[in-house]
Structure formats: structure tokens, C-alpha cells
Amino acid sequence: MNFDPLPEPLVGPRGQVRLGLFPDSVTTINGRACDYRTPMGSPASRRARHFHYKQFQYLGVISNDLLIGCALADTAYLGVAFLYIYEPATGILEEHTWRAPLGRGLCMSDSPVNGESRFRRGGIDIALGYRTDDGAREKSLTVRGAGLELDVVLEEPAGYQPMSLCTRTGVNGWVYANKVAGVGLRGRLRWRGREWSLADLVNVGGHHDFSAGYMRRETFWNWACFSARIDGHRVGLNVSCGVNETSVNENCLWLDGRLIKLDGVSFDYQRDDLMAPWRMRSRCGRLQLRFEPRGEHRERLNLGLFASNFHQLFGVFHGKLKLPDGTTLSLSGQPGFVEEQYAKW
């Protein structure tokens, strides 16, 4: 696999953004320092530099017993936090969304390896933390409010290879994306009068997404992810279609912390019936999966200037993953999710 030199920070002293596929996480995403321009080549206004910059951070827990997802998003016009907890055995889904005009009460870290993002509003307190110690990294989530207590710590061992890339978007934009899956975790959840030790959940794994940049004003994408133990290995999957595909893409597997790139992936599903089975295939032939939805978290908001039509479906994967050495990992009922989203921001 060919990597580009790791920049530090992402934007250089002359405002130039380093593009490419990197061997590790970029420590500082100083996005607003870039030489951001209008489509006609003139320097963008101060207002455009502020309101066109977007940030998104998400942490998830996947297991046979529980699926948990929490995200913070800063679109400059609007700050958004959402949380869901889904219990497959009972079909119980609890979901919450909090919105903050102009991002009041929301602070986002500019680093996926050190720092903290926080959302405080209306009795809810959510913190996403990032810490590095002797090469090992931790990504943490704490939630207080909404009648529950949640503490999660994702563990990236020394030598783990994240998906770290920066791609062009349109004539004047770019996106830095840092993805993690196939990692262990620990923590606890107190919810609905019960308490869980997250490390003891069956087939548990964690995943994380840190994205920032001058994204397309209007876009649509699909995304699929899981994190698990399969045949004694820690395995993660991150594939998408519609974003981060200029020159390089974010499609990959992880096997025991080692990154394995995939070519472009197609998503075949029924847009009028998202609960029908989905199929995903990579052009390199390493990925052939079928996804059976079991539950759904969705958000629909249309404010004219800002709009989102978001569907994240929980369910199970079946199929095969072919590794570079020729061996095959078979999936049968592996928990995970797929996503469809339209966004105008």
C-alpha cells in the first residue's frame, strides 16, 4: 500500500491543504487556516470561511446484545447531537436528537488523537474525548442526561492503522476523514433500570468517525460498518459510496489492527423499502455481503438553508471477506449497520 507523507498540521503555513492517503492520524486539523476560495478563484469572505466549514464526530458500539451510536455535528448554522440505543433481543430502540442554533453549547476538537468535543444543552451533557499515551490511543464517550448514564472507551493499541485521508470536494473544498473500526472497548451503560458492562457484551467492538472540512454544499452517500471478532481475529469494516472518492477512497478492512484497502464499493438496495435486504460488492472482489435490516434510526429536517434526510439501519451481515493472503472470512449474522443520507448544509 502506498501512503503519502504524514502532514503536521493538515494545512501548511501558506494555506495549502495536504491531500492524500496517510499512514497515521493527522494530529491537528487546522481547517479554517486553509486558502479557501470562491469557485471563481477569489479569496472567500470571512462569513463563507466560517459557515462553509463542517465537522462531524461519531462513536459507536456494536455487539449481539446492544448497538449504540452517538454523534456530534457542527454545520456552523446548526449544532446537532444524537444518541440511540438499540437492543436486538427486545426490539427496544431509544433515540434522542438535540439541536443548537449556530452551534451554541457545542465545542469540537480539532484533533482525532488529543482533545475533547462537548455538547451541553437542555439537561444533556455529551463528551467525546481523545487521548494518546505511549503510542496507544483512546477515544472516549460519556453521556449524562436523558435518563441514562453511558461511559465508553475505545482502545487503539500501539501500531493500529487508522483510515486517514484528505480528498478534494468540488472546485474549492476538501474533507479530512479519520475512520477506526475493529477495536476493543470497555465501559458501562445504565439504562431503563439495568446496568451493562460493555466489555462483557457478546461479540463487542467499537468504531469511530472524525470528519472535517469544506464539504460539498449538497451531497448524498451510503456507508456501512461493523466491528467484531471473527475466527479469533479482530475485524473491522468501513465502506462508503458518494463521499471521499477523489483520487483515493476510504473503503477498507481491518484485521487485528492492520489496514487492508478495498476498491470502490457498490450499494444495491431498494430506496422505497430500506428494510429490504441490501447487497454490497467491491470492485476488487474482496467484499461480497448481504445486509438484513432489523431496526432503524432516522432524522428528517428541512429548514431550506439546512436539510437532512438520514437513515441508519441496524441489522446483520452475511457473506465473505477475502484477505490478501487468499484466505476467506465468512460472516453469518454479524451485527452492524448501513446508512443512507442526503444532506444540504
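Guide: What follows goes from the sheet to the cysteines, and then to the cavity and the pockets.

This is a predicted model.

Now zoom in on one pair. Strand 15 covers residues 218–230, and strand 16 covers residues 233–241. The two run antiparallel, and 9 bridges join them. Within this pair, Cys-225 stands opposite Asn-238 in strand 16.

How many disulfides does the structure hold? The count is 0. A disulfide needs two cysteine sulfur atoms within 2.5 Å. Take Cys-252 first. Its closest cysteine sulfur is in Cys-225, at 8.8 Å, so the distance is too far for a bond. Cys-252 counts as buried, because its relative accessibility is 0%. Next comes Cys-241. The closest cysteine sulfur to that of Cys-241 belongs to Cys-284 and is 14 Å away, so a bond is ruled out by distance. Cys-241 has 29% relative accessibility and therefore counts as partly exposed.

The structure holds 1 cavity of 30 Å³ or more. About 600 Å³ of space lies in the largest cavity. Its lining takes in 36 residues. Nearest its centre lie Phe-56, Trp-221, Gln-341, Ala-343 and Trp-345. By class, this lining has 18 nonpolar, 11 polar and 7 charged residues.

The largest pocket has a volume of about 260 Å³. Its lining includes Gly-15, Gln-16, Val-17 and Leu-19. Cys-34, Asp-35 and Arg-37 are also among the lining residues. The classes here are 5 nonpolar, 4 polar and 3 charged.

The second largest pocket has a volume of about 170 Å³. Of the 15 residues that line it, the closest to its centre are Tyr-36, His-52, Met-215, Arg-216 and Arg-217. This lining has 7 nonpolar, 5 polar and 3 charged residues.

Technical notes. Residues are numbered from 1 along each chain as its sequence is written. This is a predicted model: local features need pLDDT of at least 70, side-chain atom pairs count only at pLDDT 80 or more; totals for chains, interfaces and linings use all residues. Side-chain values use heavy atoms; hydrogens and water are left out. Two strands pair if DSSP finds at least two bridges between them. Helices (H or I, at least four residues) and strands (E, at least two) are DSSP runs, numbered from the N terminus. On a 1 Å grid over the protein atoms alone, a cavity is a set of points where a 1.4 Å probe fits but cannot get out, and a pocket is an open set with protein on both sides within 12 Å along at least five of seven lines; lining residues have an atom within 4 Å of a point. Grid points are joined across faces, edges and corners, and a volume is the space filled by probe spheres set on the points. Ala, Val, Leu, Ile, Met, Phe, Trp, Tyr, Cys and Pro count as nonpolar, Asp, Glu, Lys and Arg as charged, and the others, Gly among them, as polar. Buried means under 20% relative accessible area, exposed over 50%, partly exposed in between (1.4 Å probe, protein chains only).
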